[in-house]
Amino acid sequence: MQIKILVVDDSATDRLIIKSMLSEYLVLNACNGVEAMSVLEEHDGINLVVLDLNMPEMNGFQVLEALNGDQRFSKVRTIILTNYDELENEIRGLKLGAVDYIRKPIHMESLKARIEVHAALLRAQHALEQQLDEKTISFDMIFDQAPIGIAISHSCGTDNSEEAIVRINSVYERITGRTKEELIDTGWSKITHPDDIEEDMKNLRRLQSGEIKTYSMDKRYVRPDGSIVWVHMVVAPLALSNEQQYRHICLVQDITGRKEIEKALNESERSKSVLLSNLPGLAYRCSYDQSWTMQYVSEGCYALTGYPPESLLYNRDLSFNDIISPEYRDDLWNEWHHIIVHRKPFKYEYEIITAAGERKWVLEMGQVIYNDDGGVEALEGIILDISDRKAIENTLKYNNEHDRWTGLHNRDYLVSFLKKDAVHKENVKKALIGINLSTVQLVTANYGFQYTQNLLKKAAEALAQYCTDKRMLFHTYHNRFVFYVADYKNRNELIEFGRTIADMLESLFFMDRISGGIGILEIEQNSDEADAELLLRRLLIASERSVSLFDRDFDFCFYDEELEALVNRERDIVEALSQIAADDHGNDDLFLQYQPIMDVKTSSIIGFEALARLRTKELGQVSPLEFIPIAEKTKLILPIGEKVIVKAFRFSNRLRECGYEDIGVSINISAIQLLKPDFTDRLFEFMRDMQIEPKKIGFEVTESIFVSDFEYINSIIEKMREVGFHIAIDDFGTGYSSLAREKELKVDCMKIDKQFIDRLLGTDLGKEITSDIISMSHKLGHCTIAEGVEHESQLQYLKEHNCDRIQGYLISKPLDEEDAIHFLKEYDAGRGI
């Protein structure tokens, strides 16, 4: 007998595997319910249908209903492939032929065993029909030679009691472990496992009552030795005569080995089910189509999307594509296409919209399932909720890109932005405008850190009001802000904006007396310059330059070629000073000149002021007004200052060796040197090593130095005076000290700044305050030295008002060491000494 089997499954791979496994049968295929009904119509005599319930278009339920309503298919047996345990009772309500169930995922050996049982039953029934109708085949031959156990039973009564066994074959005896006589004597219920009797009796009563035409089940027999044998049993009516009201045939196949495999498989499936049900996401198998048609969806679907899993299966209520946020749909499709072409694992992050309208970030990881032809069979993977991780990432990203206090984008973001902006060669004007609140640190010293922070936040809020779609504001450093300006008309627009910012800042910080600078840097169009660090350095230079160039609290300065030259020169000076600082072998680029100081009353030279000079081969002569501020800014003044002290000490010793023991030397020192913790220790060490007489050495400090830390610096000066050094305030009258503070200063002398001496050349000397400065200095117990005396009339005025000492070109210009010694000899000779 040729057994015809129809396999209905939407998986081409599964259909191919089943067909190759059942090579001894005539196997037909259908990919969905519609095609299945068409095959049933076209092919007569289909005996068995292997039916998957979950299919697109016409599903398995609809196929079963169609079979139930058509008498032509009443004898067709069905093996149903399903994931759902609860469907069995629903299907049994249909009046179908023999129905069997296999739960997915399919174990192919188990499916084959089931098919073989049904095939054996079909062949046995066919043989009996031929024996009865045509008398051509021996029933005994079929009965004895069948590879499965066969038992025939009947009952003469009308109740639903256990039927008597009347005939069994040898295979049945071997399976149960009992002879025919033992089985007839014992009855089948006595050898059935107690846990299976209730279901078996229930099915038998339904069969006897005509409610069902056949039934099948897996059950257990208990052998005489107590061992258990699993069988798949099919029971069907077998009417051979009218005298026996109920006669049935029972076919059994030993499936103990398969059950052991199924047990292991079920345990594996259980483990996978537990894993999938506890995953914080959605496991899936879907088609490769624009809807991502879901063939399998795990229970985690509801927690992730808010939709029940079954609503997505085969797009029943909506497709998975409907859940994907619209802006990611094309990107997701393109990414999968790339993965399929290159046969790589899939990993992609995107957003979905849940049933509640909430947006969630998800991470999808999957792979492609290919068929034997290399085509895409399906996509499988898992989708995880990464919203919490994304929130953390976004928070970290925000913190990395923004200043925590002001909320503005920070320097790192600006650098990244400028680098990206340099790549896009847009034909628009671009510029950077830097705001440098340099003096805000002084407020910190007086009012504390929090007060300064509040001022900076106020500045950020005020500056942010000028942001537009063409202006972005960044907080690049504690006291610095930067505007990025794009698509402006011309330089005049930048000038106008710079003035607006300057006016606003002056008004904002008027009460706090904060000043600063504004630098403007135009970024060249079509430039290959992509060095963001260089741009920001140039912008800082322009803003710092504006601080030193203008009298206003705030003004602006453009970065240009002239400023570039100044910056390059400053860099060269720094390099020269660095080489001098690092040289321990007497570099001659740094040298001292000495300007004589004369006692006004005696007209004798009583000392020299040591003046630092810088001259290099590359730079030539560099003014101290240029290199000293650079040395202070770079802290190179510390090693340079020590070298100046040593050179001046050597000159003092030279004077003593030449017989000028009463001639002193005065040395300029900066606040940075005085504030260095070990300054006095190093100074006293030089004094001891070089055997210097402190009373012959003076140190000059500017009046403004006491603004830094009055009490500390005053204590250092007092410590220096205690060992014999003299201290003078240089450029008196130009600083910020009050008269009360002047009285507290531990100094010996006041040096009157040249600007007051220059005024003595005027006609109305009665209005000049130079005499008042001399008088006040004397009242404070200090001597006075007038700087920059160049004319005899100035000297006469100073004599009349009792100035103690003078220096300037009237006496001599600054002299090299040898010239200074020669000057003393000539001066003394001229006076007849």
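Q: Hi! In β19, what is the bridge partner of His475?
A: Hi! In this predicted model, His475 has Phe481 as its bridge partner in β19.

Q: And which residue in β19 is the bridge partner of Leu473?
A: That one is Phe483.

Q: How do β18 and β19 run, parallel or antiparallel?
A: Antiparallel, with six bridges joining β18 to β19. To find β19 in the viewer, look at residues 480-486.

Q: What joins β18 to β19, and through how many residues?
A: A hairpin does, and it passes through two residues.

Q: What about β16 and β18, do they run parallel or antiparallel?
A: Parallel this time, and two bridges join them. Strand β16 covers residues 409-410, while β18 covers residues 471-477.

Q: Which residue in β18 does His409 stand opposite?
A: His409 stands opposite Phe474.

Q: How many of the seven residues of β19 are buried?
A: Six of the seven are buried, so β19 is largely enclosed by the rest of the structure.

Q: New topic: rings! How many aromatic pairs does a search of the whole structure find?
A: The search finds 21 aromatic pairs. One to look at is Phe346 with Tyr348: their ring centres are 6.3 Å apart and their planes meet at 40°, so this pair is tilted.

Q: Are Phe346 and Tyr348 buried or exposed?
A: Both Phe346 and Tyr348 are buried.

Q: Which residues do ring pairs link into a cluster?
A: Trp336, Phe346, Tyr348 and Tyr350 are linked into a cluster that way.

Q: Which ring does the charged end of Lys390 sit over?
A: Lys390 has its charged end over the ring of Trp361, at 4.4 Å from the ring's centre. There is also Arg343, which lies over the face of Tyr370, 3.7 Å from the ring centre.

Q: Switching to charges: how many salt bridges does the structure hold?
A: It holds 36 salt bridges. Side chains of opposite charge can pair when their charged atoms come close.

Q: Which residue forms a salt bridge with Glu41?
A: Arg72 does, and the closest N and O atoms are 2.8 Å apart. Glu41 is in helix α2 (residues 33-42), while Arg72 is in the loop between α3 (60-68) and β4 (77-82), so the pair ties together parts that are 31 residues apart in sequence.

Q: Is Arg72 buried or exposed?
A: Arg72 is exposed, with a relative accessible area of 54%.

Q: What about Glu349 and Arg389, where do they lie?
A: The side chains of Glu349 and Arg389 meet in a salt bridge of 2.3 Å, N to O. Glu349 lies in strand β13 (residues 346-353) and Arg389 in helix α16 (residues 387-401), so this pair ties together parts 40 residues apart in sequence. Glu349 counts as partly exposed at 27% relative accessibility, and Arg389 counts as partly exposed at 32%.

Q: Where are Glu533 and Arg411?
A: Glu533 forms a salt bridge with Arg411, with 2.8 Å between the closest N and O atoms. Glu533 is in helix α21 (residues 532-549) and Arg411 in helix α17 (residues 411-423), so look for two distant parts of the chain, 122 residues apart. 

Q: Which residues do salt bridges that share partners join into one network?
A: That network joins Glu349, Arg389, Lys390 and Glu393.

Q: Last topic: how many cavities of 30 Å³ or more does the structure hold?
A: It holds five of them.

Q: Which residues are closest to the centre of the second largest cavity?
A: Of the 17 residues lining that cavity, the closest to its centre are Ser153, Trp188, Met233, Val235 and Cys250.

Q: And which elements give two or more residues to its lining?
A: Those are β6 (149-155), α10 (194-208), β8 (215-222), β9 (228-237) and β10 (246-254).

Methods: Residues are numbered from 1 along each chain as its sequence is written. This is a predicted model: local features need pLDDT of at least 70, side-chain atom pairs count only at pLDDT 80 or more; totals for chains, interfaces and linings use all residues. Side-chain values use heavy atoms; hydrogens and water are left out. Rings of Phe, Tyr and Trp (its six-membered ring) pair if their centres lie within 6.5 Å; planes under 30 degrees apart count as stacked, over 60 as edge-to-face and the rest as tilted. Buried means under 20% relative accessible area, exposed over 50%, partly exposed in between (1.4 Å probe, protein chains only). A charge sits over a ring if NZ of Lys or CZ of Arg is within 6 Å of the ring centre and within 35 degrees of the ring normal. Two strands pair if DSSP finds at least two bridges between them. Helices (H or I, at least four residues) and strands (E, at least two) are DSSP runs, numbered from the N terminus. A salt bridge is a side-chain nitrogen of Lys or Arg within 4 Å of a carboxyl oxygen of Asp or Glu. On a 1 Å grid over the protein atoms alone, a cavity is a set of points where a 1.4 Å probe fits but cannot get out, and a pocket is an open set with protein on both sides within 12 Å along at least five of seven lines; lining residues have an atom within 4 Å of a point. Grid points are joined across faces, edges and corners, and a volume is the space filled by probe spheres set on the points.
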